[in-house]
Amino acid sequence: MGNNAIQRCVFALFLFFNMLDGACLTGKRDIAIVIDESGSVMNVNYIKQLAFLQKVASAFSIGEQGTLFGAVAFNTKARLAFTLDQHKTKESLLTAIGSVSYVPGGTAIGAGIDFARQQVFTVANGDRTEVDDYIIVITDGYSADTVTSGIAARNAGFTLFAVGVDGYDPGDLIAATGDANKVFTAPDYDSLDGIVDQLINAFPCDYFCGEQVIGNESPVNPVNNADKFTGQAFLLTDEMYIPSCCGVVAGVEFVPSLSGTLEFIVWRRDGSGGHMYWLVGKSDVIITDSQVGTVVNYTFPVGSRIIITDGDTFGWYSTGAVIPAYALCVDASTCPGSYQRSTVTLLEPGITSDWGGSSVSAVSGRVYDFRVHATNNTAPSPTKQTTALIPDHLAVGDVVMTYAPVDPDKAEIFTHVLNHTYFYFDTSTGEIKVKSVLPRSYAKYSMSVLSTDSCRHQLTTTVVITTYNSVSVTHINDSVCCHISGVSPTSSNFLLNVTNNDPRVMIANESRFDNRLISDHYKLTLCCSDGLIATQNYLEVAVKAASRKRAYVPPGWFTMAVAMSMLPISTLIMSACIIMGVTCTCDQKGHVTTKSSKTKRDT
């Protein structure tokens, strides 16, 4: 198991671009192209004739499950260029058409038609008897033989289309086809491209599934054989399980042998050849105990219906034992011989698996009563976001808006076509982006987005993108330059400093605002440019006087007053101290009292 998302994406785009070439890609048809190589054509126009037929053939799904082409070249006589079974790939077929040699001669349209009917449409040369047969004849001249051969071909069940160029005979072509609506004409070989779509659209189209059942006959309660395999993914590669239409899986019908969750899976070839498939989508089927052994017709809800296209392959997976029951084949000749099983560890949408590797085993001798109910897919509807308002300085590659139609189908893949001078659609991200440098001005751009889904439903949406002029911004490769273009009132105190595209207004060193006495406000005019457009803005600056904190210094008179007021208080305090001292050291008669004298008196 591997993952090759790029290869898967490329293959999906390949399928879409081929879808756009014509109206009907699928459906089984056998077609013979009858090419005029008469002398009147000339070599230069013969090459143009072959190129025209290549474009017609490229519109069909080529292969055993689609359309097969054979070719006849005629002048007076007819010859076989290649048979129906020689080229079963589109690449091989287109190369073969371009290689049909030119042998000039006369013009015998009847001989060419007869030869194609008798020699191309034979089982030995690859004719499929159950498939409708068509003949396309192209000529630029009058036929030398009768064209009654067209009647014989139509009576045998063939449908004929005729292309007339330049000097053709309208009567010959109507006689060949039997219907003027099956005749397409061009005035010259250079104008053939103009009728490619007309011719393709004339073919009946069975491209859409409608209400269709794909797979085994209506399931009946078998012997209820249960597989013993566990953790197996199954791939149903038998032809009866391969859809040849485009739509969605509406439901599945089968007999479960046990309960559990069955993952129903849609696989698609990745275009690399061999056995490589990528997982388109998966939806769960829940089986209860009461449903075991009965016919379960499970309908997927809207939103879980997986898209299917011509050539897809169905499968399933369960973590435990295989849930769908099987019956043993009674007749090996009618038993489907193309079941594959593989042990897998990862099954997610987008993963790529090699179903031809060593881990894959064939399952034979049994038939699973399993079938798929298909129906038409849902046509897309417009998204709600169809307008965008963007600045005109967005760089090339910048995202404008995300765009996706509304569609409930699971695993739907869209292609989008947007042709515009300034915008493009990025298919890898689903976004509309800037394609080239936008004009620096207000503008409104209206454009059409053509969206095509897997089944060729197309939706044209008008998207309107409006640009407006805005302040320049910095991108990785975008340098912004700014300066102060004016100051009012005039001052040299301001400067603009730009660092890493970050402009800042600053005050010049040692600035003095002497003009504050004139005005407390300054108006600065700032101009910036990114090299493509200049912008102008204004900045107002209010100036206020600086407020500083200082230590308080009292005036001299205050100090003198405090000193003078202290004199009386000082005198009073000193007097009180003297009186207290005298009182403590003298007796009542005024004598100084000492300790020794007191002791002597007492003696």
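I began with Val-449, which sits in strand S26; strands here, like helices, are DSSP runs numbered from the N terminus, with at least two residues (E) for a strand and at least four (H or I) for a helix. Before going on I noted that this is a predicted model, in which local features need pLDDT of at least 70 and side-chain atom pairs count only at pLDDT 80 or more, while totals for chains, interfaces and linings use all residues. I also noted that residues are numbered from 1 along each chain as its sequence is written, and that side-chain values use heavy atoms, with hydrogens and water left out.

**Val-449, continued.** I looked up the accessibility of Val-449 and found 0% relative accessibility, so this residue counts as buried; the term buried means under 20% relative accessible area, exposed means over 50%, and partly exposed is in between, using a 1.4 Å probe and protein chains only. Next I listed what Val-449 is in contact with (heavy atoms within 4.5 Å), leaving aside neighbours within four places in sequence, and I found Tyr-403, His-416, Val-417, Leu-418, Ile-432, Leu-459, Thr-460, Thr-461 and Val-463.

**Thr-466.** I then turned to Thr-466, which lies in strand S27 and is buried, with a relative accessible area of 12%. Not counting residues up to four places away in sequence, Thr-466 touches Ala-388, Leu-389, Ile-390, Tyr-442, Ala-443 and Lys-444.

Cys-246 lies in the loop between S8 and S9 and Cys-455 in the loop between strand S26 (443-452) and strand S27 (458-468), so the pair ties together parts that are 209 residues apart in sequence. Is this disulfide of Cys-246 and Cys-455 left-handed or right-handed? The torsion about its S-S bond is about -90°, so I recorded it as left-handed. Cys-246 and Cys-455 are buried.

I looked up Cys-527 too, which at 16% relative accessibility counts as buried.

**Backbone details.** I found that the peptide bond from Ser-488 to Pro-489 is cis, with omega near -5°, and that Pro-489 is placed in the loop between strand S28 (481-488) and strand S29 (494-499).

Asp-166 is not a glycine, yet I noted a positive phi of about 60° for it; Asp-166 lies in the loop between strand S5 (159-165) and helix H6 (170-177), and its 55% relative accessibility makes it count as exposed. Ala-411, likewise not a glycine, has a positive phi of about 65° and is found in the loop between strand S22 (399-402) and strand S23 (415-417). With a relative accessible area of 26%, Ala-411 went into my notes as partly exposed.

Technical notes
Disulfide = S-S within 2.5 Å.
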